[in-house]
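I want to go through the domains, the core and the ligand site.

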Amino acid sequence: MATFKVSRIQTKPYDGQKPGTSGLRKKVKVFAQPHYLENFVQCTFNALTADRIKGKTLVVSGDGRYYSEEAIQIIIKMSAANGVKCVWVGQNTLLATPAVSAVIRERVGKDGSKASGAFILTASHNPGGPNEDFGIKYNMENGGPAPEGVTDKIYENTTTINEYLTAEDLPDVDISKVGTTSFSGPDGKFEVEVFDSTDTYVKLMKSIFDFEAIKKLLSCPKFTFCYDALHGVAGVYAKRIFVEELGANESSLLNCTPKKDFGGGHPDPNLTYAKELVQRMGLGKSNTEGEPPEFGAAADGDADRNMVLGKRFFVTPSDSVAIIAANAVEAIPYFSGGLKGVARSMPTSAALDVVAKALNLKFFEVPTGWKFFGNLMDAGLCSVCGEESFGTGSDHVREKDGIWAVLAWLSILGQKNKDKLNGENLVTVEDIVRQHWVTYGRHYYTRYDYENVDAGGAKELMANLVNLQSDLSEVNKIVKGVNSAVANVKSADEFQYTDPVDGSVSKHQGIRYLFEDGSRLVFRLSGTGSEGATVRVYIEQYENDSSKISRDSQEALKPLVDVALKLSKMQEFTGRSEPTVIT
Ligand code: G6P
Ligand code: ZN
């Protein structure tokens, strides 16, 4: 057994190591600076109580992006030096973010104990490669991202750090092979266990969904299926679950081999970046590929996001969570006892609210960021939740879950078609969504993103919108000047949230303009970018007249979009005449 010593390495603080919505995300070049990653990791150890570190097991893995291998070796050595007893690593550095959450909550080590937390190495949907992004975040023993109290402490530590602990002489561990390597250090034995990336997660999915029912659907020749992992970590799970467990054809998988640079693409599952899937599903500009599949889905780099498509049909994430909530009890065994409650983030459309009301479910509106759902789930208040940003999930883990969302949709499709698999036409994704709109009304919805704009300009834009809120008559003058058919703004505010579980207050969570007819305009600065600022504009209009629910979404929302651009003086403050992405 190789032995190691603990070294204390002198270091100095780096500016800007403040974790954002989901951890610290920076260019690889920033992370690769001497001691940069080490500083952040040590500050995390220092921010956690000793009982979470000393003699404990930590998970370290991620989406396999560029710099992950180097980072894992660094974190293994630092864990050894900080008194951690065992580090669990997904084979080849790979674990989907929801799978990390599942591993923390479910996996039991050889000594019968569970992991106390995890370093997740990902920048989610941001591109990867030597000139792109790397990221790291810490998840706690409940499987969810560290709460603000901890991330604030980490940040505070990064401003004063002067040394970190590492085991310089610990040899690199081969993380390509499953198995355990043991070392001997000052505190006794230290182990690194490399394990299969999918086992724990697959077991959990099998306990939630009726795999036999989904298998029947996938084996029906009329039901065609396509899944695009955008070269992220979801590919590993897609192969195991959709192909090996559920019998889908291997050819239904697109870009399912994880790559460090995501094949040069932008691993974000939306209509702009999931180009190949969009084309295949008949939603591309030219439609040359023959009959599209009945169902298509994509994931982001770390597999927590999802996009669901039907044949020539886009399901908005806001509709997706509402439809899953409306059908969960009937279609998904895990929910057969009923839903404890549902929740959405503030900018997500109110489609879920309508379902909650109709089904008499507890309902919560939280700020953007999955961690806010975690508290509700830990308190047993929420079963299903979702965000407009292509995140959907449930209380089976404490992260959003891209594969889970696909299995949820396949379960709903399976349930709606269970008597139709041998003859009649199948109920399609589009049928399910349209029927939902007939029952609950439709929330036309779109989001405009202005990426990487000048941070100063973005700040001024937001400040101007806050200012404007004090004078609604002035606001309505502007609204009517753009389009007299648009309803009046009845109230406007900055969203603020008081957590019903711990009473913590989150301020400045986005600017809202609420219209008399139930329409909403929301403006926010993204918390996940790594450069400049990203302005997001969320535009929503409710329609419950069933003769008006089939319009083209962009066309239906055009008047509100015009109002949003005028109110915010978008071009003036950002210099942009067009958004970077429309979803
Ligand atoms: C991550 C978080 C989500 C959040 C999303 C968008 O995926 O986990 O909870 O909705 O980022 O955040 P942003 O601040 O970029 O709008
Ligand atoms: Zn992600």
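My notes follow, starting with the ground rules.

I'm working with a predicted model, where local features need pLDDT of at least 70, side-chain atom pairs count only at pLDDT 80 or more, and totals for chains, interfaces and linings use all residues. Residues are numbered from 1 along each chain as its sequence is written, while chains are lettered from A and ligands numbered from 1 in the order in which they are written.

**Domains.** I found 18 residues of domain 2 in contact with 21 residues of domain 3 (contact: C-beta atoms, placed from the backbone, within 7 Å).

**Core.** The largest nonpolar core has 178 residues, with Val60, Ala325 and Val342 touching the most other members. Such a core is a set of buried Ala, Val, Leu, Ile, Met, Phe, Trp, Tyr and Cys residues joined through C-beta atoms within 7 Å; buried means 20 or more other C-beta atoms within 10 Å of a residue's own, with C-beta atoms placed from the backbone. I checked Val342 too: not counting residues up to four places away in sequence, its contacts include Ala325, Leu352 and Phe363.

**Ligand.** I counted 14 residues around ligand 1, the closest being Trp370, Ser389, Ser526, Gly527 and Thr528 (near: C-beta atom, placed from the backbone, within 6 Å).

Key: Buried ≥ 20, exposed ≤ 12 C-beta atoms within 10 Å, placed from the backbone. Contact = placed C-beta atoms within 7 Å.
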